[in-house]
Amino acid sequence: TMLPLLLLLLPVAHGIVELGYTPVLTKSPSLGGLRTASTFVLDQPRCVFDEYGNADIWLVVALDQAASTFNNTARPGTPETAFQSFPDPVSAYMTLNATLANYPCPKPAGDITVLRVGSETSCAEDAERPTCNGPLPGPGPYRVKFLALQGSEPVAETSWSAPIMLRTAKSPSSISTTSKGHSAGMIAITTILSILFAILLAGLVAMLFFWGSDSCGSSSTFSKPESVTVRRYNTHH
């Protein structure tokens with residue numbers, strides 16, 4: 001019964017400032033693939049950690065059910081927070097560390113202000129890169145937050161995001177093969193082709209019919225050949 005209370009008091013005990021910011025999926029219309037089967041795209045925390053110029057800012061990615069029990073004193077780059085052990089036994093890992101210089105405020109014109117979570121494939125199996133931003137192992141849901149560390153001491157954090165679900169591929173058996181699964185354009189094209197095929201078939205049948213009639217008529221005009229009379233001659237002795 002004391003464990004939930006200790007978890008609630010943990011940020012206070014270490015003097016962690018809770019910032020009024022919640023990470024969100026980006027709404028930038030110019031980006032494609034905002035959520036895939038193994039990645040999602042967040043807005044960068046611009047103008048959020050301005051008072052922590054000497055801090056390293058980390059992204060914490062957790063399973064939805066594990067967010068409330070994440071230990072802010074856990075250090076990045078350790079087995080406790082290694083990506084390669086996520087989601088079991090590690091239920092939350094730390095990645096995408098940056099300094100305040102990476103998140104300038106205000107945003108300079110032309111800057112890319114998003115973070116793609118799960119984009120690194122080269123280090124996904126590399127135990128020497130425990131802070132790898134590797135592909136997410138399943139559809140989720142996940143929650144994320146940003147955590148600022150000065151040295152190894154947590155000093156500020158954002159709120160946890162809302163649950164984030166990734167896209168899942170459809171199984172072949174779930175794809176509809178009825179007309180409901182086809183677009184109106186496809187139905188129209190199929191109808192037109194069917195009509196054209198019927199017209200072509202009718203024309204072919206009519207052509208064969210007329211050819212048969214002509215052959216029968218021409219055969220009736222032949223007259224019976226006259227019989228050849230052979231005159232008999234008697235020879236004289």
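Cysteine 132 is buried, at a relative accessible area of 0% (buried means under 20% relative accessible area, exposed over 50%, partly exposed in between, with a 1.4 Å probe and protein chains only). Before going on: this is a predicted model, where local features need pLDDT of at least 70, side-chain atom pairs count only at pLDDT 80 or more, and totals for chains, interfaces and linings use all residues. Residues are numbered from 1 along each chain as its sequence is written, and side-chain values use heavy atoms, leaving out hydrogens and water.

Cysteine 132 pairs with cysteine 123 in a disulfide, with the sulfur atoms 2.0 Å apart (a disulfide here is a pair of cysteine sulfur atoms within 2.5 Å). Cysteine 123 is buried too, at 1%, and the link is right-handed, with 75° about the S-S bond.

Searching the whole structure turns up two disulfides. The other joins cysteine 47 and cysteine 105, sulfurs 1.7 Å apart. Its S-S torsion is about 100°, so this one is right-handed. Cysteine 47 sits in the loop between S2 and S3 and cysteine 105 in the loop between S4 and S5, 58 residues apart (strands are DSSP runs of E, at least two residues, numbered from the N terminus). Cysteine 47 is partly exposed at 39%, and cysteine 105 is partly exposed at 36%.

Now for the largest nonpolar core: among its 32 residues, Phe40, Leu42, Phe49, Leu136 and Phe146 touch the most other members. Such a core is a set of buried Ala, Val, Leu, Ile, Met, Phe, Trp, Tyr and Cys residues joined through side-chain atoms within 4.5 Å. A second, separate core of eight residues includes Trp58 and Phe70.

Technical notes: Helices (H or I, at least four residues) and strands (E, at least two) are DSSP runs, numbered from the N terminus.
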